[in-house]
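Subject: Structure for you to look at

Hello,

Here is the structure I promised to pass on. Please open it and keep it beside you while you read.

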Amino acid sequence: MTTSSEEILLQVPHVRYKKGDGTLYLMDQRIAWMMENRDTVSISHLYSDIKTQKISPEGKAKVQLQVVLHSGVSSTFHFINRGGIQEQSADRDRVKELLQTLLPKFKRKVDKELEEKNRLLSTNPTLLQLYKDLVMTEVVTSEEFWTHHAVQYTQAQKTQQQAIGVSGAFLADIKPQTDGCNGLKYNITADIIECIFKTYPAVQKKYIEHVPAKLSEAQFWTKFFQSHYFHRDRKYVESKDLFTECGKMDDQEMKKDIQTGVKDPLVDITTFVDKSLDECYGMEVEKTPGSSGTVSQAMIKRFNQHSIMVLKASKNKHPEPESSDSSPSNVKGVEVSSNSISNGISSADDAHVNKKIRIQEKITYEDLDSSNDTSNASKSILNLSKVERYLHGPMPGSNAEYLSVNDASSINRNILNECKQWQGGRQQTSNLVSPAAAVGALGELSPGGALMRGFQEQSLAQLVPSDIEKEVRNLYLSLSELLNHFWKCFPPTTSTLEQKAVKMHEALHRFHGTKVKPFEDKLIRELSPLSYHLTKHLNQLLNVAYQKFNNWQKMKTLHR
């Protein structure tokens, strides 16, 4: 229900939300939706809580508008004006335009660091539980928590993500949408922009020169797609287009690449020529005159330029290894240009050596190289006097010592005599427990017997409810985190460690008073026989830490 002080800026009927029809209101502080024949507001969002708005693309059967909140919750409104698609789009556009003017006034500037922390807490349940047990109970401050206790989570986010490659059809995958006025609308993401910059460095240069000094980002990309669409399969012509110079720069860069060539001696690009007949017949390849300016050749040139730029981008990602050995035989992947002369060796000799190295790389497998086995000094070598005995074991005819038949029979008789004497010398014991006494003792020690009155057949894990078990697990998680940082302070060799030890000792006392003691009181009320057993180990861990801190304080006072 709206208040009397609220001003309604826009009222749009025939708006559906979750299969219910109603009216959408845009007021001075919030956006609200009220179902038909009701006097209470069902949906209400403050403008300060709205992060962004989204609309359905043109051509869809449903005309919709979605508002996304900072919390991630979204509400979608479906416009169902009976006048048709045009009236529905007009209602949606009125709401969209008014929101575009209202949202910047109420836009909440959320700290990026705070957003990152919220995302970490929402995606890591263990970290969230630690935050609840330590920060919300004021055991440690929020700054100490993110500095010391959440380091492994924050460092995991700082790890460098794997760079994605450039797709061969990344521009073709951008599906333009018609805006209803004989125009096209492109939706590009940060990944697409990165791919464009990798493939067309000249475009990146133009972007740095013109954005935002001369053009806005939207205007720049509009001009780029217009220019790229017009010149994608044609030769560049003289015009006042912003990207005409980019095409010329690409042509100059490609000429340099063609002149440089491929430095791999095993690859000969010049032999890639279409032939209708085999060269053994003495027929020369006929070159078609006047084909240098065709549209197809311009397309092929762009494909080749795209492939060259993709390869260059992949090479830039991997730094070249530094070679400490000056010998060319110990260096792999050496590139020698055709016009370079170093250390008095001619370019032809360099190319010959480089080719030998590349051939050696192709035919050599490191895991099959025998030099790797001999160079490993850590392996133990067996010094075998008789290799055949090690491989096959004792064999008939080998120089092994065998017993004769008489010796074997005498040894067998001696063993039998020893066994008989051992059996005969055994003393017969008659003072064993009688069967009646054994049965009686077994009964007394069984569950329900005289000596087992306090025994319960159920284990402790079966008697503890699931909610209590979860609380015990959370207590162990939080206490282990505190104890981990407490014990890392010993021995406190620096003043920083001493201060941290004092802080962690105080944090343990606060944790003991705010988490362990209330939990023990709860167990006494609900599970009195088990209260001591569940928290016994927790108290032992705390007492050992307290004793360690007290001993350190005593030693510290004695040394003063």
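Below is what was found in it, from the whole chain down to single residues.

**Overall**

This is a predicted model. The protein has 19 helices and nine strands. It holds 560 residues, and 26% of them are buried. Take the contacts with a separation of 6 or more: 52% of these link residues 24 or more positions apart. The protein exposes about 40,700 Å². Carbon and sulfur atoms supply 53% of that area.

**Helix H1**

Start with H1, residues 85-106. This helix has 22 residues. From first C-alpha to last it reaches 31 Å, close to the expected 32 Å. Still, H1 bends by about 30 degrees at Gln100. A proline, Pro104, follows within four residues.

Which residues of H1 are buried? They are Gln88, Ser89, Asp91, Arg92, Val95, Lys96, Leu99, Leu102 and Leu103. Look at the spacing along the helix as you find them. An α-helix has 3.6 residues a turn, so residues three or four places apart point the same way. The cover over the buried residues of H1 includes several strands: E1 (8-17), E2 (20-27), E3 (30-35), E5 (50-55), E6 (63-69) and E7 (74-79).

**The largest core**

Now move to the largest nonpolar core, which has 39 residues. Phe145, Leu482 and Leu508 touch the most other members. Six helices each supply at least two residues of this core: H2 (112-123), H3 (125-134), H4 (142-149), H17 (466-487), H18 (495-526) and H19 (531-558). H18 gives the largest share, eight residues.

Where does this core lie? Domain 2 (118-159) and domain 4 (465-559) both give residues to it, so the core lies between them. In soluble globular proteins, nonpolar side chains tend to be buried together.

Leaving out residues up to four places away in sequence, Leu482 touches Leu134, Val139, Val140, His149, Met504, Ala507, Leu508 and Phe511. Another core, of 20 residues, lies apart from the largest one. Its members include Val12, Leu26, Ile31 and Val67.

**Helix H17**

Leu482 is also one of the buried residues of H17. Others among them are Ile468, Val472, Leu475, Leu479 and Phe486. The list includes Asn474, Ser478, Glu481 and His485 too. What do the buried residues of H17 pack against? They pack against H3, H4, H18 and H19.

**Backbone points to check**

Most residues other than glycine have a negative phi, and most peptide bonds are trans.

- A cis peptide bond joins Phe490 and Pro491, with omega about -5 degrees. Pro491 sits in the loop between H17 and H18.
- Lys18 has a positive phi, near 50 degrees. Lys18 is in the loop between E1 and E2. Its relative accessibility is 68%, so Lys18 counts as exposed.
- Lys19 has a positive phi, near 65 degrees. Lys19 is in the loop between E1 and E2. At 85% relative accessibility, Lys19 counts as exposed.

Best wishes

Methods: Residues are numbered from 1 along each chain as its sequence is written. This is a predicted model: local features need pLDDT of at least 70, side-chain atom pairs count only at pLDDT 80 or more; totals for chains, interfaces and linings use all residues. Side-chain values use heavy atoms; hydrogens and water are left out. The expected span of a helix is 1.5 Å times one less than its number of residues. The bend at a residue is the angle between axes fitted to the seven residues ending there and the seven starting there. Buried means under 20% relative accessible area, exposed over 50%, partly exposed in between (1.4 Å probe, protein chains only). Contact means heavy atoms within 4.5 Å. A nonpolar core is a set of buried Ala, Val, Leu, Ile, Met, Phe, Trp, Tyr and Cys residues joined through side-chain atoms within 4.5 Å. Domain bounds come from an automatic or database domain assignment. Accessible areas come from the Shrake-Rupley method with a 1.4 Å probe; for residues, only the protein chains shown count as cover.
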